[in-house]
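Reader: I am new to this structure. Please pick one part of the molecule and take me through it closely.

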Amino acid sequence: MMRLSEFLRENSPWEEYVNHEFVREMIDGTLPQKKFRYYLLQDAKYVEEMLRALLRASALAPLDKSLKLLHVILSSRDKGTEVNNYLYSRLGITQDEIRRTKMNDVNYAYTRHLNYWAERSWEFFLVAWTPCMWGYFEIGRKVVNSTNDLYKAWASFYSSDDYKKRVDIILENLNSIEVDKDLASEIFNRSVKYEIQFWDSALTI
């Protein structure tokens, strides 16, 4: 029997997401730094809201599942922060600039989508959240071979064993739930489309 994660992935524009032009340009090192810099600023805003949504949603989850998942997610957070700080230093990004940066429309809509489900259902929050975490692992494994040191550094965390542990526990939780597949597919697809638009927004600046 097909696992829920596989069903959702196969019925979404997944390949368009993980093989987006933004990703391909990171791999071959041709992505302009100003576009990557813009992406990093928006991503910093996204991650902040995503973590808040995760904490809200965790309150609706079975305690044993939420504690285990949060431990894995938060215990490797320092490694991701270390990589980001390196990138921020190289590109002259400050915490003050991140605070002053306004979310673009895609980022705003995406984070509202996550927060909506975080307040209503642990199960459907997992569905909405998975494309980001799962997709970045797949993308990281592609970009880590980039000829550009910045993009290689960015991918070093997302392609790491520590990050894979995050993805594994998320998929474990996702594949353990029972949900309406039609609604789950709608939610998952919306997240994948937001991921595509997130890349689009950085390319078009």
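**A buried ring and a helix end**

Author: F22 is buried, because its relative accessible area is 0%. Buried means under 20% relative accessible area, exposed over 50%, and partly exposed in between, with a 1.4 Å probe and protein chains only.

The model is predicted, so local features need pLDDT of at least 70 and side-chain atom pairs count only at pLDDT 80 or more, while totals for chains, interfaces and linings use all residues. Residues are numbered from 1 along each chain as its sequence is written, and side-chain values use heavy atoms, leaving out hydrogens and water.

Start with the rings. The structure holds 24 aromatic pairs. One of them joins F22 and W199, stacked at 4.7 Å centre to centre with 20° between the planes. F22 belongs to helix 3 (residues 21-28) and W199 to helix 12, so the pair ties together parts 177 residues apart in sequence. Rings of Phe, Tyr and Trp (its six-membered ring) pair if their centres lie within 6.5 Å; planes under 30 degrees apart are stacked, over 60 edge-to-face, the rest tilted. Helices are DSSP runs of H or I with at least four residues, numbered from the N terminus. W199 is buried too, at 0% relative accessibility.

W199 also has a place in the core. The largest nonpolar core has 76 residues, and W199 and W154 are among those with the most contacts inside it. Helix 9 (residues 122-143) gives the largest share of this core, 14 residues. Such a core is a set of buried Ala, Val, Leu, Ile, Met, Phe, Trp, Tyr and Cys residues joined through side-chain atoms within 4.5 Å. W154 touches W199, and its other partners include F36, Y39 and Y136. Contact means heavy atoms within 4.5 Å.

Helix 12 (181-203) leads on to helix 8. Together with helix 4 (33-58) and helix 9, helix 12 is among the parts that cover the buried residues of helix 8. Those buried residues include V106, Y110, L114 and W117.

Now the start of helix 8. N104 sits in the loop between helix 7 (95-100) and helix 8 (105-118). N104 caps the N-terminal end of helix 8, with a side-chain oxygen 3.3 Å from the backbone nitrogen of V106. N104 counts as buried because its relative accessibility is 13%. Beyond its neighbours within four places in sequence, N104 contacts Y38, Q42 and S201.

Conventions:
Helix = DSSP H or I, 4+ residues; strand = E, 2+ residues; numbered from the N terminus. Polar contact = N/O pair within 3.5 Å; in protein donor to acceptor, adjacent residues only side chain to side chain.
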